[in-house]
Amino acid sequence: MASYGGQPAARSGSRTNGLAVAGLVCGIVGFFFLNVILGPLAIIFGMVANRQSGAKDGRGMAKAAVILGIVDLAVFAILMIVAANNGGFHWYVGS
């Protein structure tokens, strides 16, 4: 049997840095949940990926991860300032 096409799709030529992807995911998820934990992780992953990657191996994603990590920490700081000015958080159980 003759095989059609070239190389399989799994063996494409461009490979994106995994740390850049991990940092971007941490930055996006950290915007909504656990931003005090995922924000610094996004910054660290983004900075390490930025040092490892070449010009087109995820450098843009690495920069976006660092920016989103900084935004995550800023959102956390703003939420803490608002909570401190409103008397903190209160949990009401029952009526």
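Begin with helices α1 and α2, whose crossing is left-handed; a crossing is given that name if the near helix is turned anticlockwise from the far one by less than a right angle, and is right-handed if clockwise. Select residues 18-32 for α1 and residues 35-52 for α2: the two pack at an angle of about 155°, with axes 8 Å apart. Helices here are DSSP runs of H or I of at least four residues, strands are runs of E of at least two, and both are numbered from the N terminus. Axes are lines fitted to C-alpha atoms, for helices over the stretch in contact, and angles run from 0 to 180 degrees between N-to-C directions. On the α1 side, show L19, A20, A22, G23, C26, G27, V29 and G30; on the α2 side, show N35, L38, L41, A42, F45, V48, A49 and Q52, which together make the contact (heavy atoms within 4.5 Å).

The model is predicted: local features need pLDDT of at least 70, side-chain atom pairs count only at pLDDT 80 or more, and totals for chains, interfaces and linings use all residues. Residues are numbered from 1 along each chain as its sequence is written, and side-chain values use heavy atoms, with hydrogens and water left out.

Next, select L34 in the loop between α1 and α2. Its phi is near 50°, a positive value in a residue other than glycine. L34 counts as exposed because its relative accessibility is 58%; exposed means over 50% relative accessible area, buried under 20%, and partly exposed in between (1.4 Å probe, protein chains only).

Move on to N35, in helix α2. With 11% relative accessibility, N35 counts as buried. Leaving aside residues up to four places away in sequence, N35 touches G30, P40, D72, L73, V75, F76 and L79.

Now colour residues 20-49 and 61-84, which the unreviewed UniProt entry annotates as "transmembrane region"; positions follow the numbering used here, feature names are shortened, and annotations may be inferred rather than shown by experiment. The end C-alpha atoms of residues 20-49 lie 5 Å apart, and the span is 93% helix and 0% strand. For residues 61-84, the end C-alpha atoms lie 34 Å apart, in a span of 100% helix and 0% strand.

Of its 95 residues, 21% count as buried.
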